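Here is a report on helix packing and aromatic pairs in one protein model. Have the sequence and the structure open as you read.

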Amino acid sequence: MKMKENTAPEFATGDASAIKKRKSKLNRLHTSDYVFIGICVVVIIICLLPLVNLLARSLSGSNYLIRNEISLWPKGFNLDAYVGVFKESEYRWAFVWTVFLTIVGTLLSLTMTTLCAYPLIFDKLKGRGVMNIMITITMFFNAGTMPNYLLFKQLHMLDTPYVLLVPFCLSVFNMIIMRSFFYGIPDSLRESAELDGASFFQILTKIYLPLSKPVIATLALYYAVGRWNGYSDALMFAHNNKKNWPLQLYLWNMLQGQSNIDNPGEYKVGYAEQTKAAVVMFSTIPILCIYPWLQKYFIHGVTVGAVKE
């Protein structure tokens, strides 16, 4: 008994020390890890420097901007540009309108993407192979801008809110990602639900959608960023009606000198540059705040949905 009592703790202690050694080896960083970390840090700095410079310009005095003395730290700190932006009625409406377009457009796009991807996973769907081919072809070939313009003109959609929501509500690439994710869900779940008498839409809402939160969050991020940053569609199809200008189109017109905010008769010298930087910051920060909330779903949704087919 004494030998057993003495050897057991020794064995346990030896086992614990061996585990600690293994953990220490695993926790050690190799040279390649340091190189990879260094590259990531350099990329992060390169991406952040323009944003930091822009923030410094928006908070600096106009005199320093005229002399081009602003780098990464504001000089003559003031909030005049941000106050002026909030007083601009056109900017306030463009901001509210863009938020509406982003929310409604993202929900509409997710609905269309789901309704397009879900039926294509059923083997018994007649003509499924032909449908997949026809849908995939649209990724590489399309009519172009002028035919789209003529089509929207025939449909009386030009310079209306519908031209910014309906025509581009579905991305084939995003639909393929969602379809691939649906393929990864076991067929046994769907078959068991069918045996219990579940309908087509009940299987979608009760089984597939709850299990597809990662890919839904990923595609929601794709669509939301696209809607928020989009200006070319409004520029080509809704430019004649300022009420339909999204925030990015408003910013583009301001940078082109077509906005009242650049009128030298109303604003002091150098204030326009400061205001432009403030508007760009207002246009960038809201969409950046979404990433931390969706990051875990974004990584999982991309890695899983992209490799399963």
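How many aromatic pairs does the count come to? Rings of Phe, Tyr and Trp (its six-membered ring) pair if their centres lie within 6.5 Å; planes under 30 degrees apart count as stacked, over 60 as edge-to-face and the rest as tilted. By this rule there are 17 aromatic pairs.

The model is predicted: local features need pLDDT of at least 70, side-chain atom pairs count only at pLDDT 80 or more, and totals for chains, interfaces and linings use all residues. Residues are numbered from 1 along each chain as its sequence is written, and side-chain values use heavy atoms, with hydrogens and water left out.

**Aromatic pairs**

| Pair | Centre to centre | Angle between planes | Class |
|---|---|---|---|
| Y118 and Y208 | 5.4 Å | 65° | edge-to-face |
| Y231 and W252 | 6.4 Å | 25° | stacked |

The pair of Y118 and Y208 links distant parts of the chain, 90 residues apart. Y118 sits in the loop between α5 (89-117) and α6 (128-137), and Y208 in helix α10. Helices (H or I, at least four residues) are DSSP runs, numbered from the N terminus. Both tyrosines, Y118 and Y208, are buried (under 20% relative accessible area; exposed is over 50%, partly exposed in between, with a 1.4 Å probe and protein chains only).

Y231 and W252 also link distant parts of the chain, 21 residues apart. Y231 lies in the loop between α11 and α12 (232-237), W252 in helix α13 (residues 247-255). Y231 is partly exposed, at 33% relative accessible area. W252 is partly exposed too, at 27%.

Y118 and Y208 belong to one aromatic cluster with F122, F182, F200 and F201. R190 lies over the face of F122, 4.8 Å from the ring centre. A charge sits over a ring if NZ of Lys or CZ of Arg is within 6 Å of the ring centre and within 35 degrees of the ring normal.

**Helix packing**

Helix α10 (residues 200-211) packs on helix α11 (residues 213-229) at about 70°, with axes 5 Å apart. Axes are lines fitted to C-alpha atoms, for helices over the stretch in contact, and angles run from 0 to 180 degrees between N-to-C directions. That makes α10 roughly perpendicular to α11 (65 to 115 degrees). L209, P210 and L211 of α10 meet K213, P214 and I216 of α11 in the contact (heavy atoms within 4.5 Å).

The axes of α6 and helix α8 (residues 172-183) come within 10 Å and cross at roughly 145°. R128, N132, I135 and T136 of α6 make the contact with V172, M175, R179 and Y183 of α8.

Technical notes: Helix = DSSP H or I, 4+ residues; strand = E, 2+ residues; numbered from the N terminus. Parallel < 35°, antiparallel > 145°, perpendicular 65-115°, else oblique.
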